[in-house]
2 protein chains.
Amino acid sequence: MITFEKQAQSGSARAGCIRTPRGTIHTPIFMPVGTLGTVKAMTPEEVQALGAEIILGNTYHLHLRPGDALIHQLGGLHQFMNWHLPILTDSGGFQIFSLAKLTKKTEEGVVFQSHINGDSFMLSPEKSIQVQQNLGPDIMMCFDECPKLPATHQRMEKSVALTTRWAKRSKDARTSEQALFGIIQGGLYFDLRKRSLEELVNIGFDGYAIGGLSVGESPQDMYELLEQFAHQLPDTHPRYLMGVGEPEDLLEAIDSGIDMFDCVLPTRNARNGSLFTSHGKVSIKQAKYRKDSQPLDPDCHCHVCQNYSRAYLRHLFISKEILSMRLNTYHNLHFYLQLVKQARQAIDGGNYAHFKKTFFEKYFIND
Amino acid sequence: MITFEKQAQSGSARAGCIRTPRGTIHTPIFMPVGTLGTVKAMTPEEVQALGAEIILGNTYHLHLRPGDALIHQLGGLHQFMNWHLPILTDSGGFQIFSLAKLTKKTEEGVVFQSHINGDSFMLSPEKSIQVQQNLGPDIMMCFDECPKLPATHQRMEKSVALTTRWAKRSKDARTSEQALFGIIQGGLYFDLRKRSLEELVNIGFDGYAIGGLSVGESPQDMYELLEQFAHQLPDTHPRYLMGVGEPEDLLEAIDSGIDMFDCVLPTRNARNGSLFTSHGKVSIKQAKYRKDSQPLDPDCHCHVCQNYSRAYLRHLFISKEILSMRLNTYHNLHFYLQLVKQARQAIDGGNYAHFKKTFFEKYFIND
């Protein structure tokens, strides 16, 4: 099981520690996404050296390939992928709605078709927990329903009620010592978010996540909901904003009291040549970098910026070299992990608002 | 410039040192291929940590992309790709005949079309040396003509004569301190190989390479030529067999007195899931490895074999994960670099024939 300790606060922003049997997670934290048992393009050693204290695995993907029973047989996900710090797995709820061809949703669960071979199978609260227990992460997530935005109040009210019933079944299905987080739904409806939270707190979880954001609404709508709502989550437990987001999203959410993040942006963008720097985003394929001997981000201390030029990074990207995806991913993960580390230091120093303002002034310099 | 010192001999097999301003190369040596300014899927630090003391760059490829003038402007290939040990570049001769759509070969050189965009341009001895001097390797290669096998004696005789004239022009074109190797042609005709060698030695080079093998002939034909011919190359200079080959090819060629090798096999095969082990080649995608918790090669001490199972390597390959290409390449390069290192130790110990026999008994165990 895990414990959470709040160590500092600056406005609503919090710094804390999540202690787990596999190591301590210093919050606010960003969790690199390791969809299929690998943070794409990286070794576990590199991810750890960059300062990641926890990574995310995807229940849906690992259930389909190579299969959670196989991973269990081979000693669990940590052993399988050679990552020995904490892992959080999602429940598969999000992928059902984003990836799979949904065939039937009932009270029991969801029957859907695999995005790989079209085979149909069911995910339910019980099945999701069973799969997650096979994978053996340190933190599991409840099986939830995540509707697309915009959605009517009536549609969302039903979704919240179903998510609560599934959360209760998820908790009842757990037979292990692994931590379990509840997922708050309710879209942009403040009253439904509040109801969802209350119902989940009544069941009781080891942490609380805000799901169903960054699914079509504007950043401003998301920031407004977070500002009004995030600080209402239990002060005694970790608060996790799922699937978010851009650097500015992280800083705004931290300002509202969020502790944990995951997102494919730094890794996926890296593979597409979109790089995060302290002076904003850089598209490395641009012709203006062809002869540029400068490091990608002159203010960055990462291995890539210390050893390679923009011209070389551009050449690798244009030539579709594997090293391009490696170096780009390395740099982007360094950027995200440094960002939350600096946020933590600012909270610790009681000057988070100033840190956020200073970061934005530089990051949006070209806007 | 470079110097060569022979340090031990076992039969015709030699162990030696090539000393260059950028570091010492212990022979026999395998040179990983870094076609486009990167050994595919690897960082320079990893390549060096695996024991590579020299890598190969491709003049043809780098001339087309990103351009040798650009690389020169950015400080040369070492600086550009962050590899600070020796580099050898080929002359582009081989790629002209293997890759490009040949449009016209004259005494002057070859006009051909780029395999990327169809642009036509000329490579000649002077142009090749100019490009190589822009790239700035420690060892350059003469521009040669490499005909496909089989070829008639008459065709090959003309090729040898042209290669000699081009070798003289290559040497005359050099204006730098970089070392320059001559390339012996002549196919499988022993008399032509001998003539080519004599003509090149008369011109005088810093090392001598055997080109035009592994281009369609049988391994037995190649071994026979090497056995009869390789020991006739100057004992005082490095001997380089270009573009070869399988592990057994390396061991046979070393037995005939060859010191240097390059080949895309370990890196290219890795990306296709074909892995070299002490017990022979393994195709990691095979279903029999699905649940296999064993390391790829239980006798291998590389990082991959120490940390990952065959089941995980298979999962990464099937899922087309970038880490698959990384770990496979890492292992295969480790295998090749260990192979030549062990060969060197055996030569040093005066028991090379025994080493070769023992290796083959294990490597071909399943044949």
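**Exercise 1. Work out how chain A and chain B are related in this predicted model.**

Solution. Step 3: I322(A) is the residue of chain A that comes closest to the rotation axis, with its C-alpha at 3.7 Å. Step 4: 100% of the contact residues of chain A recur in chain B, so the same surface serves both copies.

**Exercise 2. Describe the side of chain A that touches chain B.**

Solution. Step 1: chain A brings 28 residues to the contact, and chain B brings 28 residues. Step 2: the elements of chain A that give two or more residues to this side are α3 (68-73), α4 (77-81), α13 (310-318) and α14 (322-348). Step 3: α13(A) gives the most, with four residues. Step 4: sorted by class, the side of chain A that touches chain B holds 14 nonpolar, 10 polar and four charged residues.

**Exercise 3. Find the order and the edge strands of the open sheet of three strands in chain B.**

Solution. Step 1: the order is β7-β8-β9 (chain B), and the pairing is antiparallel. Step 2: β7 (101-105) and β9 (120-123) of chain B each pair on one side only, so these are the edge strands. Step 3: neighbouring strands of this sheet are turned by 30° against each other on average, direction ignored. Step 4: β7(B) is joined to β8 (residues 110-113) of chain B by four bridges. Step 5: across this pair, K101(B) stands opposite Q113(B) in β8(B).

How values were computed:
Residues numbered from 1 in each chain as written. Chains lettered and ligands numbered in written order. Predicted model: local features only at pLDDT ≥ 70, side-chain atom pairs only at ≥ 80, totals over all residues. Contact = placed C-beta atoms within 7 Å. Nonpolar A, V, L, I, M, F, W, Y, C, P; charged D, E, K, R; others polar. Least-squares fit on C-alpha atoms with pLDDT ≥ 70 in both. Pairing = 2+ DSSP bridges. Axes fitted to C-alpha atoms, helices over the stretch in contact; angles between N-to-C directions.
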